[in-house]
Amino acid sequence: MAYPQAAQPQPVSPPSVKVILTSAELARVVDRIAHQILEKTQGAAGTVLLGVPTRGAPLARRLAARINAFEGIAVPVGVLDITLYRDDLRRHAVRAIGPTQVPPEGIDGKRVILVDDVLFSGRTVRAALDALSDLGRPSSVQLAVLVDRGHRELPIRADYVGKNIPTALAESVKVTLAETDGTDEVKLIGGAA
Amino acid sequence: MLKHLLSGADLDAATATLILDTAAEMATVAGREVKKLPALRGRTVVNLFYEDSTRTRISFEAAAKRLSADVINFSAKGSSVSKGESLKDTALTLQAMGADAVVIRHPASGAPHRLANWVEGSVLNAGDGTHEHPTQALLDAYTMRARLGRIAGLSVAVVGDVLHSRVARSNVLLLATLGAKVTLVGPPTLIPVDIGAALAPGTEVSYDLDAVLPTSDVVMMLRVQRERMADSYFPSAREYARRYGLDGPRMARLPDHAIVMHPGPMNRGMEIAPEVADSPRSTIVEQVANGVSVRMAVLYLLLGGMH
Amino acid sequence: MTEYTAGGDPGAAKPAYLIRGVRVVGAAPTDLLLAGGVVAEVGRDLAARGARVVDGDGLVALPGLVDLHTHLREPGREDAETVESGSRAAALGGYTAVCAMANTSPVADTAGVVEQVWRLGREAGLVDVQPIGAVTVGLAGERLAELGAMADSAARVRIFSDDGHCVADPKLMRRALEYVKAFDGVIAQHAEEPRLTEGAQMHEGEVSTRLGLTGWPAVAEEAIIARDVLLAEHVGSRLHVCHLSTAGSVEVLRHAKKRGVRVTAEVTPHHLLLTDERAASYDPVFKVNPPLRTSADVSALREALVEGIIDIVATDHAPHALEDKECEWAYARPGMLGLETALSVLLDVLGERWDLIAERMSRTPARIAGLVEHGRNPAPGVPANLTLVDPAARRTVDPSEQASRSRNTPYAGLTLPGRIVATFLRGEPTVLDGKAVK
């Protein structure tokens, strides 16, 4: 435009977005975790996968599908909603609860592998462990995550990690999955432009 | 989300559906080893009952305890209430005790609305006078959905003493919101004036139970108190039962899939015959179980988050 | 009234108050000189002659308002109102006379009680308090109270009412109507068929159905009015209908008046302004007997008041202690404050129709009650019972600012037109600058 413009506040630059895992890479990571589970659990005997909503649930189903594809083993899969066990329930508007689906075999005496997309503060996993103990008594509990971004606030670590991503607290990690979001991708958002 | 649940009119379709969906999840807790959830840990729920209603009080108490809330039962019998303490003074006492929610049953219509002015926490109407009983309507809707798969489009006949029934008012409001068609059936003396205009346009009224049954998916029988006879609402229990009671031959006029509901407590032989109450169509026992799940859902949605 | 003591030659008395430039019943501005308890002179640019001058610019002078239906609660419920506090509320509302209902404790059913109330009114000296006597002993509706003794007492009772209760027994009502003819009395009936209103909490209709509150059907009022106008016609007596509240009652009354029955009727300010929808809050400040009705009833009552089918506005000022209102609807006592807001409500409802307002709120009620000193437009020689209104003022009703001992005004938070600037009782101010003088 020809008009000289008065000084205007600089438009806020959009946060930087960096793709950490593409669709193909994400598929490879899931395959690797499936292999690791098979290896570490001697063929996934007596194992139950429980996904933590939202994205842990489809991840758990994918892991089960891959294990089945590799070894022909059907691992029971379920969903563990942790809403009512969160330690920040009262700090937010009330949250709708999701379904909890325990496979018909149950979890008593089983090796339960909790599956989630991102491991961050560890509070979700803490809530999941509490929820699990109200459902039964597994022989052991393990944790599988697609991304570990650090910044733990509780003494929790994952047994299976798809990718470690060092992050700044101001950044966020966004996982999208075909089942819930239409595409498979992991992005790092924010920080300095 | 709501602060209080005072009337079926407080619920829009989305909120009512959220409550029913939440209740469905809450129901799974009943089958678990540990029948308890931590969602309301540290919260205090007061059951303030000015009328004897053991079944409703126990239902709310079980619901609150399964959500780990602390429950205080404050019964009007043998307390300062019967010594003439006003509702407002009682409210201030409960406030001082840190009640996060007050579940109130009261013989005066509108008492929960008054209470809501005097306490900071949530107020749940557990039945007020001849006004409303919204959690009963929710558990009835839950039961219909569980048995018949849907609520929208259902034809529901509500039969009996609609005039004095808080269950009927809440059901008319909620069922209309959820898309069911309600027909109120009873003697003209027990159908209040302008009920459709007052509660939900489209509500129909019939004085002929036999004509309504063949097209009903749900028949909800209301409790009819024998004392109403003394006030000439109808001539005798026998005549009432003959015209508006649901017995075996009448039940046979219902479509095969239709269900029979009753909020309890029943007057067997008056509004409902024993063979109907105990038939497979009857949902009376399920209604009681569903009541706990629905009340858990309501308590969680009112108290679980930040206000 | 026996307490009228002005007498003498008004021109000779020392002038007390000169009201400058006031519009008498809405007419062109003029001055009013008050002396010796009467209006001494009316005209432009009158000389003050030592009188205290009151600026009447922009104000309207009305004959002092007369309330045919006031509950002063004394004796018995002095925590809710006393003769003095109710008198002050009345003066602040522009009233110079109120008729005190008989449902006190003890009931005003003997000469002793009515004289006590009458004496308390004189001692307060803010308005003329004219006691109403009970029709039946203890308001029980079983046998006549000593109506003649009350009529012959110092209180000179002419209006008799069991208000709060209906004289439901038709034989008793007939006898009462007949008996008071001996001293030109009038029976003021609270028209409510008791069997049709057992447990009633509010108007029977759509709203009562929704709220689950027991209905008070319009027919319970209309049936009694119909019966009573026929009885009054049959025995040739005067009947006054208290707080008429339904469109159907208006029709019954219209029919009776056409037949020449000696019947008068009152309507309350609240029945002219508020509807049963107010009950939706379950706040018992809106609980009243007869109950608030529908908007169709409100319209019919307004038309009937303008037309003259309804003769007067009466407040049914009913103070109640806080604990009788801050409770469940069903447990609350029925009734609303009215004295301090009546004129504002009528201005809101009727607009500045000053002659109509003077007729309905002062002249006709004074005539029904037989209060010869009251209800007369300010004119030379007329007792100086008048009130000055600022029609341009608007005020938001605040319960805590009521002079009544009670707070149960249904108009809290409403902004209403008009403000009483001054009230004079026999030439002496009871209210000046909008404040009670004592």
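Modeller: A word on the record before anything else: UniProt positions are given here in the numbering of this model, feature names are shortened, and annotations may be inferred rather than shown by experiment. The model itself is predicted, so local features need pLDDT of at least 70 and side-chain atom pairs count only at pLDDT 80 or more, while totals for chains, interfaces and linings use all residues. Residues are numbered from 1 along each chain as its sequence is written, and chains are lettered from A and ligands numbered from 1 in the order in which they are written.

Now the site. An unreviewed UniProt entry carries the annotation "binding site" on C:His69, C:His71, C:Asp163 and C:Asp316. Those four span 248 residues in sequence, but no two of their C-alpha atoms are more than 9.7 Å apart, so they gather at one spot.

Let's start with C:His71. You'll find C:His71 in the loop between β6 (65-70) and α1 (83-92) of chain C; helices here are DSSP runs of H or I with at least four residues, strands are runs of E with at least two, and both are numbered from the N terminus. C:His71 is buried, because 26 C-beta neighbours sit inside 10 Å (buried takes 20 or more other C-beta atoms within 10 Å of the residue's own, placed from the backbone). Setting aside neighbours within four places in sequence, C:His71 is in contact with C:Met101, C:Asn103, C:His317, C:Ala318, C:Pro319 and C:Gly335. By contact I mean that the two C-beta atoms, placed from the backbone, lie within 7 Å.

C:Asp163 also belongs to a loop, the one between β9 (159-160) and α4 (170-179) of chain C. C:Asp163 counts as buried as well, with 25 other C-beta atoms within 10 Å. Not counting residues up to four places away in sequence, C:Asp163 touches C:Met101, C:Ala102, C:Asn103, C:Ala188, C:His190 and C:Cys242.

Last, where chain C stands among its partners. Two pairs of chains touch, and the pair with the most contacts is B and C. Chain A makes no contact with chain C, and their closest C-alpha atoms are 27 Å apart.

Technical notes. A residue is buried if 20 or more other C-beta atoms lie within 10 Å of its own, exposed if 12 or fewer, and partly exposed in between; C-beta atoms are placed from the backbone.
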